[in-house]
Amino acid sequence: MNIAISARWEKFVEDLVRSGRYASPAEVLELGLSFLEAREAQQEALRKTIAASLAEGGEHAIGVARAHVERKHKELEAKGR
């Protein structure tokens, strides 16, 4: 896959690789995508919690929703996402 990124992001990626922290641009982008994947999963878990709450009459307190999202986050971290 070939992608085009702005000069700003290209410099950012190049600087990270040049620093020695990452072996290649692909490694930087894969890590960034894994963070994005985790964020998307967290948002989906929150959407599902909200939908379930609404379906049950909206009786869940914010703490219940937050606890559910945090539980999902820990599950995803354990899976390496």
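Start by selecting Arg47, which at 44% relative accessibility counts as partly exposed. (Buried means under 20% relative accessible area, exposed means over 50%, and partly exposed is in between, with a 1.4 Å probe and protein chains only.) Before you go on, know that this is a predicted model, in which local features need pLDDT of at least 70, side-chain atom pairs count only at pLDDT 80 or more, and totals for chains, interfaces and linings use all residues. Residues are numbered from 1 along each chain as its sequence is written, and side-chain values use heavy atoms, with hydrogens and water left out.

**Stop 1: the partner of Arg47**

Arg47 and Glu44 form a salt bridge, and their closest N and O atoms are 3.2 Å apart. (A salt bridge here is a side-chain nitrogen of Lys or Arg within 4 Å of a carboxyl oxygen of Asp or Glu.) Glu44 is partly exposed, at 32% relative accessibility. Both residues sit in helix 2 (residues 25-55), three residues apart, about one turn of the helix. (Helices are DSSP runs of H or I with at least four residues, strands are runs of E with at least two, and both are numbered from the N terminus.)

**Stop 2: Thr49**

Stay in helix 2 and click on Thr49, which has its place there. Is Thr49 buried or exposed? Thr49 is buried, with a relative accessible area of 8%. Which residues does Thr49 touch, leaving aside its neighbours within four places in sequence? Select Ala65 and His68, and you have the residues in contact with Thr49. (Contact means heavy atoms within 4.5 Å.)

**Stop 3: helix 3**

Next, pick Lys72 and Glu75. Both are in helix 3 (residues 62-78), three residues apart, or about one turn of the helix. Lys72 is partly exposed at 34% relative accessibility, and Glu75 is partly exposed at 38%.

**Stop 4: helix 1**

Move to Asp15 and Arg18. They form a salt bridge, with 2.8 Å between the closest N and O atoms. The two are three residues apart in helix 1 (residues 7-18), so about one helical turn separates them. Asp15 is partly exposed at 31% relative accessibility, whereas Arg18 is exposed, with a relative accessible area of 61%. How many salt bridges does a search of the whole structure find? It finds four.

**Stop 5: where two helices meet**

Finally, show helix 1 and helix 2 together. Two packed helices are described by the angle between their axes and the distance between the axes. The axes of helix 1 and helix 2 come within 9 Å and cross at roughly 115°. (Axes are lines fitted to C-alpha atoms, for helices over the stretch in contact, with angles from 0 to 180 degrees between N-to-C directions.) The two helices are therefore roughly perpendicular to each other. (Angles of 65 to 115 degrees count as roughly perpendicular, under 35 as roughly parallel, over 145 as roughly antiparallel, and the rest as oblique.) To see the contact itself, select Val13, Leu16 and Val17 in helix 1, which meet Pro25, Val28 and Leu29 in helix 2.
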